[in-house]
Amino acid sequence: MQSLQGKTALITGAGKGLGKSMALALAAEGVHLGLIARTEADLVLVKEAALKINPGIKVALHTADVSEYEQVQTAIKSITDELQAVNILINNAGILKVGSFKDTPIKEWEQVIKTNVFGAYYTIMETLPHLLAQNSGDVINIGSTAGLKGNANLSAYGASKAAVNNLSEALMQELRKSNIRVSTVNPSTIATEMTMNANFTDGNEEKVLQPEDLAQLVVDHLKLPQRALVKDFSLWSTNP
Ligand SMILES: NC(=O)c1ccc[n+]([C@@H]2O[C@H](COP(=O)([O-])OP(=O)(O)OC[C@H]3O[C@@H](n4cnc5c(N)ncnc54)[C@H](OP(=O)(O)O)[C@@H]3O)[C@@H](O)[C@H]2O)c1
């Protein structure tokens, strides 16, 4: 296994839920952090928590709406200028809208695709030159088991996560010869604000998967020897 100590990770949607948990797990491994979300107060709290876990790391943060290209450009420039590196990109920012196809307003459908698909695309576009220049790196795209098959009332979300899976695999095929590992992680329901608000956890927040479960998986994946690449993996619960 390789050490992650001293690497730099850029994480979108890092203010809460899975993004926060991955940030804190990486802080414990000695990884410097670049954090992006729309709510600055959340990012400040994550920064404080990360520095408490590991006062030796650097943490840079910048607000951005990942569905807006100029905002992504500005945020990534500011973070990479401050941290002077990026080795790991975790495309995690995402939104969930639940509703029947016919009742979902066009604007809402578009916003899900813009955030979940274009958000990942813009972030990769702005980070890739750094990874290519160093001829190494990791990109982890957070998909969903909802992207692996169609589900009623999840047409926009499912379509967005199916697109993330395909984009991610296409990129993996292009970049592995440049020593850049691109992987997709497809979690099923994990107890976060997103799933609690959508009532997916049915009041069983302690029984379903926890953000730390995913964070552990991502850390272990990143620690694999550089020659090994897991193309995609799904995380399921033993409490369906
Ligand atoms: N929880 C699950 O069961 C589950 C399962 C499968 C996949 N996922 C995926 O995992 C990712 C994280 O989900 P989560 O459960 O942790 O959600 P969450 O608790 O709602 O957190 C989402 C994070 O993303 C940020 N975000 C949302 N829209 C954004 C935008 N336009 N620009 C920048 N940041 C944005 C949010 O902060 P701001 O609102 O401040 O921007 C927040 O920090 C998502 O891609 C989700 O689809 C989750």
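Reader: Where does asparagine 87 lie, in a helix, a strand or a loop?

Author: Helices (H or I, at least four residues) and strands (E, at least two) are DSSP runs, numbered from the N terminus. Asparagine 87 lies in the loop between helix H3 (69–83) and strand E4 (88–91). Before going on, note that this is a predicted model, in which local features need pLDDT of at least 70 and side-chain atom pairs count only at pLDDT 80 or more, while totals for chains, interfaces and linings use all residues. Residues are numbered from 1 along each chain as its sequence is written, and side-chain values use heavy atoms, with hydrogens and water left out.

Reader: Which residues is asparagine 87 in contact with, leaving aside its neighbours within four places in sequence?

Author: Contact means heavy atoms within 4.5 Å. With those neighbours within four places set aside, asparagine 87 is in contact with Lys7, Thr8, Leu131, Gln134, Gly137 and Asp138. A polar contact is a pair of N or O atoms within 3.5 Å; within protein, one must be able to donate a hydrogen and the other to accept it, and residues adjacent in sequence count only if both atoms are side-chain atoms. Here the side chain of asparagine 87 reaches the backbone nitrogen of threonine 8 at 2.7 Å.

Reader: Is glutamine 84 buried or exposed?

Author: Buried means under 20% relative accessible area, exposed over 50%, and partly exposed in between (1.4 Å probe, protein chains only). Glutamine 84 counts as exposed because its relative accessibility is 65%, whereas asparagine 153, at 39%, counts as partly exposed. Threonine 127, which lies in helix H4 (residues 106–134), is buried, with a relative accessible area of 1%. Leaving aside its neighbours within four places in sequence, threonine 127 is in contact with Leu10, Ile76, Val86 and Leu89.

Reader: Which residues touch the most other members of the largest nonpolar core?

Author: A nonpolar core is a set of buried Ala, Val, Leu, Ile, Met, Phe, Trp, Tyr and Cys residues joined through side-chain atoms within 4.5 Å. The largest one has 35 residues, of which Leu26, Leu33, Leu35, Ile90 and Leu214 touch the most other members. H1 gives the most to this core, with seven residues. A second, separate core of 23 residues includes Leu10, Ala60, Ala75 and Val182.

Reader: How many residues surround the ligand, and which are the closest?

Author: A residue is near a molecule or strand if one of its heavy atoms lies within 4 Å of it. In this model 29 residues surround the ligand, and the closest are Arg38, Thr39, Tyr157, Ile190 and Thr192. An N or O atom in the side chain of threonine 39 is 2.5 Å from an oxygen atom of the ligand, and for the side chain of lysine 161 the distance from such an atom to a ligand oxygen is 2.9 Å. A backbone N or O atom of alanine 64 lies 3.5 Å from a nitrogen atom of the ligand.

Reader: Which element gives the largest share of the shell around the ligand?

Author: The largest share, three residues, comes from H6.
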